Amino acid sequence: MRRNVRVMLYGVGVIGGLVAKFLLEKKGIEIVGAVDVARDKVGMDLGDIIGVNKHLGMAISDDADSVLSRTKPDIVIHTTSSFLEKVVPQIETIVKHGVNVVSTCEELSYPYLSSPKLARELDEIAKKHDATILGTGINPGFLMDTLVIALTAPCERIEQIKVARVMNAATRRVPFQKKIGAGLTVTEFKDKMRNKIISGHVGLEQSIAMIANALAWELEKIQVDPAEPVIAEKDVRSEAISVIAGQVAGLRQCGFGIRNKKRAISLEFEAYIGAKEEYDSITIEGVPPIREKISPCIHGDIGTIAMICNAIPKVINAEAGLLTMKDLPIPSAAVEDMRKYVKLEGE
Ligand SMILES: NC(=O)c1ccc[n+]([C@@H]2O[C@H](COP(=O)([O-])OP(=O)(O)OC[C@H]3O[C@@H](n4cnc5c(N)ncnc54)[C@H](OP(=O)(O)O)[C@@H]3O)[C@@H](O)[C@H]2O)c1
């Protein structure tokens, strides 16, 4: 009988908790440890924190090093922050144990252009310890980069790529609704954005860089415009947040990859409570032209959990180093017993 794939959770917030719930139902894989620094989680049983109404006999620890030594996971699911500088020490701790990582850190999804030095250091340390690192998720990680790259495959020539994602944030998790400013006044939104108290969507720069790299396009620059608030025209609400007409319901963010002085790659991201038409669209002006539209848009939280868990076997099976989605085999769902997809050491 083959042993289960062993997973440690690093970050047990909303996404980490949903990953845990999903993995508990899945065959061929087991959670062997959980780490988080939130004061109200440390020492608590994982089952109580993720709300599964049963004790799992696993206390959440704030000491990643000792959980890694004790549990010897095959892979860590890392969901603590969007920003590379914050997560680098955490990722280094993991790979020093020779353990693979899949992270939702947006800036890790394609750091080779935005943070080349940190990317190189992570790649070197991962190779030294024979571990693989991947940053992924629904976006960045799939909808505005990997899927776009795949759709370019049948093109002989490409002039321009336009990608749009529009979603009703009412159905998304609360930390997401907060980071897009839902429920703030316009002044609060601008202040919080300026002071980096809320981030908006992180990842347009990385998605553009990944697409350009796949096409070997040298961009003159990547321009990401400041986020604009989307103002509610009438009162709207999610389960957790009420937005009065005139307040901020969410935001619009655009990023462009400039090539030959033109916007060769355009990404437009809109997320606000009350959006009527939700979709993901990719338009490629080229030979042949391609128009793709997913309607309604793919649910970001469900999609992220799936992207992360489906990446587990591909990351375990991959060569060592800091990889990106474009370096791995075609993404696909691992819907069966996880052991069917994984080659574990010693087997
Ligand atoms: N790529 C994508 O498509 C995608 C999709 C979804 C989410 N994400 C990103 O994934 C991250 C997690 O999202 P979320 O909604 O789950 O956020 P969340 O609910 O805030 O969860 C993050 C958890 O990590 C903990 N944490 C922070 N720093 C830590 C550290 N140094 N060591 C251990 N634990 C630490 C936090 O504790 P405190 O609360 O005490 O800080 C919190 O419990 C966010 O950055 C989000 O933007 C990316």
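Reader: Which residue's side chain meets that of Arg 173 in a salt bridge?
Author: In this predicted model, the N to O distance of the pair is 2.7 Å. Arg 173 lies in the loop between strand S6 (157-168) and H8, and its partner lies in helix H11, so the pair ties together parts that are 128 residues apart in sequence. Both residues are buried. The partner of Arg 173 is Asp 301.

Reader: Which residue forms a salt bridge with Lys 179?
Author: The closest N and O atoms of this pair are 3.3 Å apart. Lys 179 is in helix H8 (residues 174-179), while the partner sits in the loop between strand S4 (100-103) and helix H5 (111-114), 73 residues apart. The partner is Glu 106.

Reader: Is Glu 106 buried or exposed?
Author: Buried means under 20% relative accessible area. Glu 106 has 10% relative accessibility, so Glu 106 counts as buried.

Reader: Where does Arg 252, the salt-bridge partner of Glu 228, lie?
Author: The side chains of Glu 228 and Arg 252 meet at 3.4 Å, N to O. Glu 228 counts as partly exposed at 40% relative accessibility, and Arg 252 is partly exposed with a relative accessible area of 25%. Glu 228 belongs to strand S8 (residues 228-231), and Arg 252 lies in strand S11 (residues 248-259).

Reader: Which helices do the buried residues of H1 pack against?
Author: The buried residues of helix H1 (residues 14-24) include Ile 15, Val 19 and Leu 23. Buried residues of H1 pack against strands S1 (5-10), S2 (29-35) and S3 (75-78). The helices they pack against are H2 (46-50) and H11 (300-317).

Definitions and conventions:
Residues numbered from 1 in each chain as written. Predicted model: local features only at pLDDT ≥ 70, side-chain atom pairs only at ≥ 80, totals over all residues. Heavy atoms only, no water. Buried < 20%, exposed > 50% of the residue type's maximum accessible area, 1.4 Å probe, protein only. Helix = DSSP H or I, 4+ residues; strand = E, 2+ residues; numbered from the N terminus. Contact = heavy atoms within 4.5 Å. Salt bridge = Lys/Arg side-chain N within 4 Å of Asp/Glu carboxyl O.
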